[in-house]
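Subject: Handover of a structure for your study

Dear colleague,

Please find below the structure that I am handing over to you. My notes on what was found in it follow.

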Amino acid sequence: MENKSSYEVVIVGGSVAGLSAAMTLGRSLRSVLVIDKGEPCNRQTPHSHNFITQDGVKPHEILAKVKNELKTYKTIEFASAYVTDIKKPGSDFLITTEDNIVYAAKKIILATGVKDLLPNIPGFSECWGISVLHCPYCHGYEVHSKKILLFANGDIGYEFCKLLSQWSSNLTLLTNGKSTLSETQTDYLLEKGYSIVEKEIQSFSHKTGNLESVVFTDGSLLAGDAIFARVPNTIQTPLILGLGVQLKEDGLIQVDDFGKTNVTGVYAAGDNTTMMRSVANAAAQGNRAGAFLNKELIEENF
């Protein structure tokens with residue numbers, strides 16, 4: 001096992017939240033290491049939206065631009081690896097990567113994002129982020145007033161229909177089996193002119209991730225311009241719980257208004273803390289966590 005240099009802050013995760021925190025800390029003259037494998041959850045998404053100055057830019061181009069900007073700050077370093085373990089046997093955190101290298105840090109920011117748990121339906125994963133979408137604020141404008149399909153059920157499906165109604169009145173809810181909507185919810189959606197399809201889905205027909213039609217198990221097809229889907233997700237639970245970090249009821253990390261977790265010296269930012277998943281929000285959270293972590297170091301050392 002190889003031991004490397006110590007840092008004031010190690011940031012686990014190098015997508016938008018992690019890089020935003022790194023910039024804030026680098027500009028605060030802190031020694032920072034960003035550990036990231038380069039597999040953000042939006043890596044298939046063609047364009048990022050609803051982020052001022054970057055609207056319509058490819059996500060990987062945004063990350064490349066930020067990394068280039070961070071080269072200005074000589075105290076920021078990068079390591080391409082998965083983090084497999086974090087412990088605090090003494091005054092410092094010890095962060096171990098998959099290649100058995102151990103880094104030491106006074107503080108940690110968890111910017112690990114989330115992993116979407118996609119259904120095992122042929123074509124779904126290939127379309128995810130391209131024509132199967134999760135966020136109307138990020139992608140709704142591009143398909144507004146078009147035929148939108150929604151992959152959800154029950155209360156989540158009902159609320160999703162309510163949300164998407166701002167972008168289109170041509171909505172079809174796909175429950176992929178028996179609907180678990182209440183009778184009141186069903187009646188209201190039908191009164192609004194929306195459709196509910198309870199057929200089981202066999203596959204998503206597509207060309208290079210662009211949806212052509214939903215194929216049902218009875219052989220019928222349903223075309224649509226886009227699908228918005230609510231799928232479960234998970235965080236790096238063993239790593240995070242191993243630190244003693246508290247989670248919320250929704251399974252995401254509990255942080256205060258400053259990005260602090262319940263564990264002293266551990267902050268978190270980005271998608272692993274909130275259901276409001278967007279590039280703009282991740283950038284804001286990373287900036288805030290970096291600023292308050294820097295203030296904490298000042299208070300400890302002044």
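Helices (H or I, at least four residues) and strands (E, at least two) are DSSP runs, numbered from the N terminus. This is a predicted model, in which local features need pLDDT of at least 70 and side-chain atom pairs count only at pLDDT 80 or more, while totals for chains, interfaces and linings use all residues. Residues are numbered from 1 along each chain as its sequence is written, and side-chain values use heavy atoms, with hydrogens and water left out.

I begin with tyrosine 158, which belongs to helix 5. Its relative accessible area is 15%, so tyrosine 158 is buried (under 20% is buried, over 50% exposed and in between partly exposed, with a 1.4 Å probe and protein chains only). Apart from neighbours within four places in sequence, tyrosine 158 is in contact (heavy atoms within 4.5 Å) with Leu181, Gln185, Tyr188 and Leu189. Leucine 181 is 23 residues away from tyrosine 158 along the chain, and their C-alpha atoms are separated by 7.1 Å.

How do the two helices pack? Helix 5 (residues 154-164) and helix 6 have their axes 11 Å apart and pack at an angle of about 25°. Axes are lines fitted to C-alpha atoms, for helices over the stretch in contact, and angles run from 0 to 180 degrees between N-to-C directions. Helix 5 is therefore roughly parallel to helix 6 (angles under 35 degrees are roughly parallel, over 145 roughly antiparallel, 65 to 115 roughly perpendicular and the rest oblique). Helix 5 contributes Gly154, Asp155, Tyr158 and Cys161 to the contact, and helix 6 contributes Gln185, Tyr188 and Leu189.

Serine 179 sits in the loop between strand 10 (171-174) and helix 6 (183-191). Serine 179 counts as buried because its relative accessibility is 15%. A polar atom of its side chain lies 3.1 Å from the backbone nitrogen of leucine 181. Leaving aside neighbours within four places in sequence, serine 179 is in contact with Asn153 and Glu198.

Two further loop residues deserve a note. Serine 145, between helix 4 (136-139) and strand 9 (148-151), has a positive phi near 70° without being a glycine. With a relative accessible area of 57%, serine 145 is exposed. Threonine 208, between strand 12 (201-207) and strand 13 (210-216), is likewise not a glycine and has a positive phi of about 45°. Threonine 208 is exposed, at a relative accessible area of 71%.

Terms used:
Polar contact = N/O pair within 3.5 Å; in protein donor to acceptor, adjacent residues only side chain to side chain.
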